[in-house]
Amino acid sequence: MAPNLFAADGGGAASARAAGHWPQAVIGDMDSLDAPLRRDLEAAGVALMPVAEQDSTDFEKCLQRLRAPLILCLGFTGGRLDHELAALHALAAFPAQPAILVGARDVIFRVPPALELDLAAGTRVSLFPMGPARGASSGLKWPIDGIDFAPGVRIGTSNCALGPVSLRIARGEMLVILPRRCLPEAARGLRAAHGG
């Protein structure tokens, strides 16, 4: 699904190497790229793309610089909670990038203004607003039409697909969380929504 591999700083590069892969490039501030790994990457012809500023995370630096029909993002969930929250922030901050966080149990991505998901009946569909948000749906057990979502006010945890689901987000930023087994459906829906 994602034939081109890029690494977010030294942690991403080390994870890629541990899995037996060479990334095409390493993007980040390079603060976690140790000297031996740097030498190995340079010897293998891996491009190093240092970004000196400290106002964004390495994940944000990657999203700012990559252009693809779909970006699958591994290693950004299940670790430190502050890093995971920063990754969720990045999904909302870069709405033009069709990116999916792939975790051990879930996939998470920003809902574009219009999204079609070919889900099986009974699939868990959770919606989490990243600020005030409003939209409409079809194919959910509990429709979201007319509901004002916002963190600390109203979220949409553990809704249920009745079959294929349509989401329309009229205002604000909303994340959708699906079981990991739904990655192919999420990828198809997100690519179609972004014209890919």
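Leaving aside its neighbours within four places in sequence, Leu 178 is in contact (heavy atoms within 4.5 Å) with Arg 105, Asp 106, Val 107, Phe 109, Leu 117, Leu 119, Arg 124, Val 125 and Ala 186. This is a predicted model, in which local features need pLDDT of at least 70 and side-chain atom pairs count only at pLDDT 80 or more, while totals for chains, interfaces and linings use all residues. Residues are numbered from 1 along each chain as its sequence is written, and side-chain values use heavy atoms, with hydrogens and water left out.

Leu 178 is among the residues with the most contacts inside the largest nonpolar core, which has 29 residues; such a core is a set of buried Ala, Val, Leu, Ile, Met, Phe, Trp, Tyr and Cys residues joined through side-chain atoms within 4.5 Å, where buried means under 20% relative accessible area with a 1.4 Å probe and protein chains only. The elements giving two or more residues to this core include E5, E8, E11 and H5, helices (H or I, at least four residues) and strands (E, at least two) being DSSP runs numbered from the N terminus. Apart from it lies another core, of 18 residues, among them Val 51, Cys 62, Leu 63 and Ala 87.

Helix H5 (residues 183-193) has as its buried residues Leu 183, Ala 186, Ala 187, Gly 189 and Leu 190, and these pack against the strands listed here.

| Strand packed against by H5 | Residues |
|---|---|
| E4 | 71-74 |
| E5 | 99-102 |
| E6 | 106-110 |
| E7 | 114-117 |
| E11 | 174-179 |

After H5 comes Gly 195, whose phi is positive, near 75°.

Ser 126 is found in strand E8 and is buried, with a relative accessible area of 8%.

Elsewhere, 3 strands form an open sheet in the order E1-E2-E3 with parallel pairing, two strands being paired if DSSP finds at least two bridges between them. Its edge strands, E1 (6-8) and E3 (47-50), each pair on one side only. Strand E2 (residues 25-28) and E3 pair over 4 bridges, and Ala 25 has Ala 47 in E3 as its bridge partner. Helix H1 (residues 9-18) lies across E1 and E2, running at about 130° to E1; axes are lines fitted to C-alpha atoms, for helices over the stretch in contact, and angles run from 0 to 180 degrees between N-to-C directions.

Notes: Buried means under 20% relative accessible area, exposed over 50%, partly exposed in between (1.4 Å probe, protein chains only).
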